[in-house]
Amino acid sequence: MKAVVVSQAGGPEVLEVKEIAKPQVKTGWSLVKIKGFGINHSEIFTRQGLSPSVVFPRILGIELVGVIEETTEPDRLPVGQKVVSIMGELGRAFDGGYAEYALVPNQILYPVQTDLSWVELASVPETYYTAYGSMKNLKLEASDRILVRAGASGVGQAFVKLVRSQFPDLPIYASVRKLEKTDQLLASGFSQVILEKEGRLQTNVIKLSI
């Protein structure tokens, strides 16, 4: 199979596409044929050698989407089942999503039923997991107001969609460094957009939804 292998810490040049052996299934793990994966900032840190627990060579990728190719848990994870996987030391303690196949612990494989394309589904796991965790930790009530810093980020966009699904009328404000993104943010569900410069909110520069 083809995989992007990092043999030593360094810049982007250490990401090498190699032909390597397909992983062999073992007890408690299943083989996933990967259809897509997100790229995360933490993977840059790992590639740079800033994740002390990671031993090279390593295939990076802390999330993936795909289908079960070989299974050791056929009732929950039958062959052909669509799955997502996220975190759980994926791409750190063991090889991750930057490959055609990955051997993944069953406990971090989650079966899904979806009509999303593989590209769309690959954008969901880490982004929405982070946004959902933030929303749950806030313990929101209908009387609250929310400010989302970096509202145009992937997590910011996921967060506003999740909150709007439960609180359609809640005031949600987004801060941005460039007002060119205003229309996109208002269309995605934010109530107002506030310009941010050097970490300070420019409350005299606010764009409202109509």
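Q: What percentage of the 210 residues in the protein are buried, and how should I read that word?
A: A residue is called buried when its relative accessible area is under 20%, exposed when it is over 50%, and partly exposed in between, as judged with a 1.4 Å probe on protein chains only. In this structure, buried residues make up 42% of the 210 residues. Please keep in mind that this is a predicted model, in which local features need pLDDT of at least 70 and side-chain atom pairs count only at pLDDT 80 or more, while totals for chains, interfaces and linings use all residues. Residues are numbered from 1 along each chain as its sequence is written, and side-chain values use heavy atoms, with hydrogens and water left out.

Q: How many helices and strands are there in the protein?
A: Helices (H or I, at least four residues) and strands (E, at least two) are DSSP runs, numbered from the N terminus. By this count the protein has 5 helices and 12 strands, and its C-alpha atoms fill a box of roughly 60 × 40 × 25 Å along the principal axes.

Q: At what angle do the axes of helix α3 and helix α4 cross?
A: Axes are lines fitted to C-alpha atoms, for helices over the stretch in contact, and the angle between N-to-C directions runs from 0 to 180 degrees. Here the axes of α3 (residues 125-138) and α4 (residues 154-166) come within 8 Å and cross at roughly 50°. That makes α3 oblique to α4, since angles under 35 degrees count as roughly parallel, over 145 as roughly antiparallel, 65 to 115 as roughly perpendicular, and the rest as oblique.

Q: Which residues of α3 and α4 meet?
A: Contact means heavy atoms within 4.5 Å. Among the residues that meet are Tyr 128, Ala 131 and Met 135 in α3, and Val 155, Phe 159 and Val 163 in α4.

Q: Which residues in the largest nonpolar core touch the most other members?
A: A nonpolar core is a set of buried Ala, Val, Leu, Ile, Met, Phe, Trp, Tyr and Cys residues joined through side-chain atoms within 4.5 Å. The largest one has 19 residues, of which Leu 140, Ile 146, Phe 159, Val 163, Ile 172 and Phe 190 touch the most other members. At least two residues of this core come from each of α3, β9 (146-148), α4, β10 (172-176) and α5 (182-188), and α4 gives the largest share, 5 residues. If neighbours within four places in sequence are left aside, Leu 140 is in contact with Met 135, Ile 146, Val 163, Phe 167 and Leu 170. A second, separate core of 14 residues includes Val 32, Phe 94, Ile 108 and Leu 109.

Q: Is Gln 81 buried or exposed?
A: With a relative accessibility of 13%, Gln 81 counts as buried, although this residue lies in the loop between β5 (63-70) and β6 (82-86). Beyond neighbours within four places in sequence, its contacts are Gly 66, Val 67, Ile 68, Pro 111, Val 112 and Gln 113.

Q: Which residues does a cis peptide bond join, and where is phi positive in a residue other than glycine?
A: Most residues other than glycine have a negative phi, and most peptide bonds are trans. In this model, a cis peptide bond with omega of about 5° joins Phe 56 and Pro 57, and Pro 57 sits in the loop between α1 (41-47) and β4 (58-59). Ala 150 has a positive phi, near 55°, and belongs to the loop between β9 and α4, where its relative accessibility of 44% counts as partly exposed. Glu 198 also has a positive phi, near 50°; Glu 198 is exposed, at 85% relative accessible area, in the loop between β11 (192-197) and β12 (200-208).
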